[in-house]
Amino acid sequence: MSSRRSRSGQTGSSRITDDQIADLVSKLQQLIPEIRNRRSDKVSASKVLQETCNYIRSLHREVDDLSDRLSELLASTDTDSAQAAIIRSLLM
Amino acid sequence: MNPQNLSLNPTSIRSKFTKTFLRALTRINNRRPPISPSREIYQRYRRVKIAADASMASAVGSRRTWSRAILWKIRNQRRYRALVSRRISTHAMTKRDPRENYGREVGHGSADELRRIVPGGEAMDFCSLLGETAHYIKCLNTQVQVMRSIADLYST
């Protein structure tokens, strides 16, 4: 496969350096509890990506569970008075 | 309430999300049908989930690819499904720009998986994908925290 590295991109930015990618990957690493707590610099980039996928999926599952819980609560709560309390405590 | 979760900035993403989502919950709650079949429970759960994702996406607005993708998908459900099936067949035949192979050592398998999980991920170059993913994760965390707080408050 011929290398296209010399051609500048549509965005006008020159070649993407490995440093840039490493920087972005390390930023991601900070967001993932699994890896962040291990404090190891030796986490490979592909491991970070993998853990990122797992983490996002677990967040999706949490949203699902919370939606389920909220839909049940909606039916049984007097939402108007609860909402006033919520707004007060969450936003002020 | 945990003070560090409170946002004092009224225009922050967290605040916007909270307000929009609460409004949506009220709307969903007021949709009482005359009869309540068991399907209604599932419908309601679906509506809450969609409202949560839509509220977060609109709180972020159009400045992020992932939020645009979610908003577009929700507004164009039918067209979206047709597009996804078409995209899956053409994507396999499209030659990826070699510049995207930067970070070859990073492992294409997981990058592809990440593209599927992050909304709008298929069309991004690798660097943008990483940046969008970081922002997406932060917003998902906010979404989960607020939803949990609301559920806890409704439970009391």
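B:K49 counts as buried, at 18% relative accessibility, where buried means under 20% relative accessible area, exposed over 50% and partly exposed in between (1.4 Å probe, protein chains only). This is a predicted model, in which local features need pLDDT of at least 70 and side-chain atom pairs count only at pLDDT 80 or more, while totals for chains, interfaces and linings use all residues. Residues are numbered from 1 along each chain as its sequence is written, chains are lettered from A and ligands numbered from 1 in the order in which they are written, and side-chain values use heavy atoms, with hydrogens and water left out.

Side chains of opposite charge can pair when their charged atoms come close. Here, such a pair is called a salt bridge if a side-chain nitrogen of Lys or Arg lies within 4 Å of a carboxyl oxygen of Asp or Glu. Over all chains, the structure holds eight salt bridges.

One of these links the side chains of A:D64 and B:K49, with an N to O distance of 3.6 Å. This pair crosses between chains, running from A:D64 in helix α3 (residues 45-76) of chain A to B:K49 in helix α2 (residues 38-60) of chain B. Helices are DSSP runs (H or I, at least four residues), as are strands (E, at least two), and both are numbered from the N terminus. On the chain A side, A:D64 is partly exposed, with a relative accessible area of 23%.

B:K49 also meets B:D53 in a salt bridge, at 3.1 Å from N to O. Both B:D53 and B:K49 belong to helix α2 of chain B, where they sit four residues apart, about one turn of the helix. Through shared partners, salt bridges join A:D64, B:K49 and B:D53 into one network. Within it, B:D53 and B:K49 are both buried.

A:E51 is buried, with a relative accessible area of 9%. Leaving aside residues up to four places away in sequence, A:E51 touches A:I32, A:E34 and A:I35, a contact being heavy atoms within 4.5 Å.
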